[in-house]
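Me: I have a structure on my screen and would like to talk through its side-chain contacts. Could you take my questions one by one?

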Amino acid sequence: MKKSILLIFSLLIFGCNSKAQNNTNEKKTKLNGKQIVEELDKLNFFNLTSKSELTEEKLDIERTYNELNFFEGKLRGETLEFLDNRFYFVDSEELFEVGGLTNYLKIVKPTFEKLGLKLNFSNEKSTETKESWKHTIELNGKEYVAFDNNFGDLDWGIAYVKFIEMLNSELEVQKSEERFYPISAQNDGKIVLLTKKQFEFVKENYPNDNEHPKSLEDWKNENGIK
């Protein structure tokens, strides 16, 4: 009996020590901004950044992590263009309106080309009634639905999701490991282009909130979009 009690007591102590050791290890493994940049570099995150802007971009990623715990590239001057060619602002209202889809396709096309991929768009069609709208476009010869619903409160969000889905479909068809991930929609919408490993690294080291990338399925579920 005494031996059994002693064994149980020893196991409890061992478990507590292991937990404390794990907590200590977790604290030790938290990266600083410089290490974040180094790991992103190993994951080829900066391969779309021009060499002349690379140092500036890395310093800004390091600074925003250390000071704000925030994941975002640096803007080019007073423009809304990011140095890294991975982040994009997407105003969902503008995207939903006539001409918005092709405008944003023009914006992301150079990044496709940097990756050695095609993004040709044509044959845009639109059929509208007072209650509904069907909007389609061809990317590289394949037709995609940009919107096909009755008008409602989720119109901008649906257009935002459809935009990401069509881009990701073309990335997949062309054997790219990159995918676009949603960050926010509405007038201050934003998306980011990442590989799966880059996305997992960001999720592990940055806050999991509404200002950081999510999987498209998680984003759709959280925003009530099917």
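Me: Happy to start with charges: which residue forms a salt bridge with Arg76?
Reply: A salt bridge here is a side-chain nitrogen of Lys or Arg within 4 Å of a carboxyl oxygen of Asp or Glu. For Arg76, the closest N and O atoms of the pair are 2.9 Å apart. The partner is Glu53.

Me: Before we go on, what kind of model is this?
Reply: Residues are numbered from 1 along each chain as its sequence is written, and side-chain values use heavy atoms, with hydrogens and water left out. Local features need pLDDT of at least 70, side-chain atom pairs count only at pLDDT 80 or more, and totals for chains, interfaces and linings use all residues, since the model is predicted.

Me: Thanks! How many residues apart in sequence are the parts that Arg76 and Glu53 tie together?
Reply: Helices (H or I, at least four residues) and strands (E, at least two) are DSSP runs, numbered from the N terminus. Arg76 lies in the loop between H3 and S1, while Glu53 lies in helix H3, so the pair ties together parts whose separation in sequence is 23 residues.

Me: Is Glu53 buried or exposed?
Reply: Buried means under 20% relative accessible area, exposed over 50%, and partly exposed in between (1.4 Å probe, protein chains only). Arg76, at 27%, counts as partly exposed. Glu53 has a relative accessible area of 15%, so this residue is buried.

Me: What does Lys58 do with its side chain, and over which ring does Lys58 lie?
Reply: Lys58 meets Asp41 in a salt bridge (2.7 Å, N to O). Lys58 is in helix H3 (residues 51-68) and Asp41 in helix H2 (residues 33-42), so the contact ties together parts 17 residues apart in sequence. A charge sits over a ring if NZ of Lys or CZ of Arg is within 6 Å of the ring centre and within 35 degrees of the ring normal. Lys58 lies at 5.4 Å from the ring centre, over the face of Phe46.

Me: Which geometry do Phe45 and Phe46 show as an aromatic pair?
Reply: Rings of Phe, Tyr and Trp (its six-membered ring) pair if their centres lie within 6.5 Å; planes under 30 degrees apart count as stacked, over 60 as edge-to-face and the rest as tilted. Phe45 and Phe46 are 5.1 Å apart, centre to centre, with 90° between the planes. That makes the pair edge-to-face.

Me: What is the strand order in the open sheet?
Reply: Two strands pair if DSSP finds at least two bridges between them. S5 and strand S6 (residues 190-195) are joined by 6 bridges and run antiparallel. Strands S1 (87-89) and S5 (178-184) each have a single partner, so they stand at the edges. The order of the 3 strands is S1-S6-S5.
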